[in-house]
There are 2 protein chains.
Amino acid sequence: MKPRAANPHFMNGIPELLILSLLERNEMYGYEIVQAIRTSTNAVVAAGEGVVYPVLHALEEEGAIRSRRRTVNGRSRIYYTATRAGARRLSGLSQQWMQLTQAVECMLKGESHGASFPEPA
Amino acid sequence: MKPRAANPHFMNGIPELLILSLLERNEMYGYEIVQAIRTSTNAVVAAGEGVVYPVLHALEEEGAIRSRRRTVNGRSRIYYTATRAGARRLSGLSQQWMQLTQAVECMLKGESHGASFPEPA
DNA sequence: TGAGCATACCTCGAACTGCAAGGTATTGCA
DNA sequence: TGCAATACCTTGCAGTTCGAGGTATGCTCA
């Protein structure tokens, strides 16, 4: 068994969630997204390009985001925005995420068997 | 090469976190842990035996928990408790988790570049 | 001029985790 | 006797993150 410090936990699905959240509000390109996530989370989340680009491609193929090529300041970039389907997906993921954080918080506090959980969809 | 799963479910590391949290407080056995997690989280987290047992074995090999065999009511069970190392590990994971939830919450709210994050360790 | 850096895109393999499905054995109850 | 619940376990698959590596262009500065 290797020491697992190499691979930080809790990152499953986080890049997709944050990317959708960003693209629902602004039109952005990949490289910009990488930096935005890093700086906005104060490097708590640091999804590299090896994560962001594959997620963007998958989301586009799914129809959750749409892209167009633009050249700005002599820089060729691929800008993405969320579609309506993407907005729906984001809303579902957000809800799931909030349910999870509530459930975990309760268990960590030891308030197990707590009666008031949000109903699981 | 599936585009993307329908839902990422954000479960990476959650079982380990909850198991350590439970075992820091109570001495429990595997089958019991499976049910405790399911009922305590109102099935928001439903880590099956195929998840819990491997995690228990890995944690024990790591020295984070300790086990002893006991027979109760004619039932042979393997009871686990957290060691001091396990408690330290739990505290680290908890902190990581709380940092992450704060960072994500801020980004979802759109309060990016928020100045007041907990310093990343 | 040309070296180096930042920008901007991309892909691949390794590593890890969660999960379903399946397997064994015992106890208790109808 | 048969069936469900208890209690343990392993295996193979699938999905994700991550780092390392690759390409190409524009800027700056010596």
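The surface near DNA strand D divides into nine nonpolar, nine polar and six charged residues, where Ala, Val, Leu, Ile, Met, Phe, Trp, Tyr, Cys and Pro count as nonpolar, Asp, Glu, Lys and Arg as charged, and the others, Gly among them, as polar. The model is predicted: local features require pLDDT of at least 70 and side-chain atom pairs count only at pLDDT 80 or more, whereas totals for chains, interfaces and linings use all residues. Residues are numbered from 1 along each chain as its sequence is written, chains are lettered from A and ligands numbered from 1 in the order in which they are written, and side-chain values use heavy atoms, with hydrogens and water left out.

In total, 24 residues surround DNA strand D, and the closest are B:Tyr29, B:Tyr31, B:Glu49, B:Arg77 and B:Ile78; a residue is near a strand if one of its heavy atoms lies within 4 Å of it. Of the atoms of DNA strand D that come within 4 Å of the protein, 73% belong to sugar and phosphate. Polar contacts (pairs of N or O atoms within 3.5 Å) involve phosphate oxygens of DNA strand D in both chains: a polar side-chain atom of B:Arg77 lies at 2.2 Å, a backbone N or O atom of B:Ile78 at 2.9 Å, and a polar backbone atom of A:Gly13 at 3.3 Å. Two or more residues of this surface come from each of helix H3 (49-62) of chain A and helix H2 (30-40), helix H3 (49-62) and strand E3 (75-82) of chain B. Helices (H or I, at least four residues) and strands (E, at least two) are DSSP runs, numbered from the N terminus.

The second largest pocket has a volume of about 360 Å³, taken as the space filled by probe spheres set on grid points joined across faces, edges and corners. A pocket is an open set of points on a 1 Å grid over the protein atoms alone, where a 1.4 Å probe fits, with protein on both sides within 12 Å along at least five of seven lines; lining residues have an atom within 4 Å of a point. Its lining has 15 residues, with A:Thr101, A:Gln102, A:Glu105, B:Thr101 and B:Glu105 nearest the centre. Helix H4 (84-109) of chain A and helix H4 (84-109) of chain B each supply at least two lining residues, and H4(B) gives the most, with eight.

Chain A contains four helices and three strands, in the order α-β-α-α-β-β-α from the N terminus. Buried residues (under 20% relative accessible area, 1.4 Å probe, protein chains only) make up 40% of its 121 residues. In H1(A), 10 of 12 residues are buried, including A:Ile14 and A:Leu23.

Terms used:
A polar contact is a pair of N or O atoms within 3.5 Å; within protein, one must be able to donate a hydrogen and the other to accept it, and residues adjacent in sequence count only if both atoms are side-chain atoms. Buried means under 20% relative accessible area, exposed over 50%, partly exposed in between (1.4 Å probe, protein chains only).
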